[in-house]
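Keep the structure open beside you as you read.

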Amino acid sequence: MSTTTADIVDGITRLVVAVDKLLKTDTVNAIVALVRQFGIGAPVKVGIDALGKALDLIISWIARLEQVAAIPALLESLDPALDGLKAIGDKSEDEMREMGLEPLAPLAGAAHAASVVLEKLRAGVTLILQGYLPQQSLESLRESVVQVKETLKKLGEALVSGASLSSGAGLALPSGAPA
């Protein structure tokens, strides 16, 4: 069984989602309460804030990868222009002259060669990028990292505010969820 990039990214996404669920458990809520009780919420919040900044960096990297993964869609939007180039290239110089396009006649052969090269290039780029940068998987990963960052922010705020995580902050899992 071979592993694809999408499999790896999806696996990382599942891990990030699991971490987010863990951060929302009663156990973590109890740890937050204990940290507040010991009066060390502010220093722990500094560490959580640092994690948030690291996650911001990761989110920006994923966003850049998503931009690269979107290149095939951009290339697809060039289809009308490539079709026009191909149409010119499919005509012979004589046909161009007969159509009254004398000035473009010498370009027919070059247009044909260019359209062939551009189509091969587009197909290659699309194949490589779709194989190595699965756009949907990257989007899911970015969204899951954003969710963990939001959860950590709420935890950090709870560490210094004294507010209960299970009431009002929206961090606790529904009853019956594993702690």
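Start with helix α1 (residues 5-23) and helix α8, whose axes come within 9 Å and cross at roughly 20°. Helices here are DSSP runs (H or I, at least four residues; strands are E, at least two), numbered from the N terminus. The axes are lines fitted to C-alpha atoms, for helices over the stretch in contact, and the angles run from 0 to 180 degrees between N-to-C directions. Two packed helices are described by the angle between their axes and the distance between the axes. Because of their angle, α1 and α8 count as roughly parallel (under 35 degrees is roughly parallel, over 145 roughly antiparallel, 65 to 115 roughly perpendicular, and the rest oblique). The crossing of α1 and α8 is left-handed, a word used if the near helix is turned anticlockwise from the far one by less than a right angle, with right-handed used if it is clockwise.

A quick word on what you're looking at: this is a predicted model, in which local features need pLDDT of at least 70 and side-chain atom pairs count only at pLDDT 80 or more, while totals for chains, interfaces and linings use all residues. Residues are numbered from 1 along each chain as its sequence is written, and side-chain values use heavy atoms, with hydrogens and water left out.

Which residues in α1 meet α8? Among them are Ala6, Val9, Ile12, Val16 and Leu23, and on the α8 side the partners include Leu138, Leu141, Val145, Val148 and Leu152. By class, this contact (heavy atoms within 4.5 Å) has 12 nonpolar, 6 polar and 2 charged residues. For the classes, Ala, Val, Leu, Ile, Met, Phe, Trp, Tyr, Cys and Pro count as nonpolar, Asp, Glu, Lys and Arg as charged, and the others, Gly among them, as polar.

Stay with α8 and look at α3. Helix α3 (residues 41-69) packs against helix α8 (residues 135-161) at an angle of about 165°, with the axes 9 Å apart. That angle is why α3 and α8 are called roughly antiparallel. Their crossing is left-handed, and the residues in contact divide into 20 nonpolar, 4 polar and 7 charged.

Now for α2, another partner of α8. The axes of α2 and α8 come within 8 Å and cross at roughly 35°, and this crossing is right-handed. Here Val28, Val32, Val35 and Arg36 in α2 meet Leu155, Ala158 and Leu159 in α8. Those residues split into 6 nonpolar, no polar and 1 charged.

Also in α2 (residues 26-37) you'll find Asn29. Is Asn29 buried or exposed? Asn29 counts as buried because its relative accessibility is 11% (buried means under 20% relative accessible area, exposed over 50%, partly exposed in between, with a 1.4 Å probe and protein chains only). Asn29 and Leu159 are 130 residues apart in sequence, yet their C-alpha atoms are 9.8 Å apart in space. For another such pair, go to Val116 in helix α7 (residues 107-132). Val116, at 35% relative accessibility, counts as partly exposed, and its C-alpha is 7.9 Å from that of Lys86, 30 residues away along the chain.

Finally, zoom out. The protein has 8 helices and 0 strands, and buried residues make up 26% of its 179 residues. Among contacts between residues at least 6 apart in sequence, 78% join residues at least 24 apart. As for confidence, the mean pLDDT (the predictor's confidence in each residue, from 0 to 100) is 86, and 90% of residues reach 70 or more. Over residues 172-179, though, the pLDDT is below 50, and this stretch has 13 contacts in the model beyond near neighbours in sequence.
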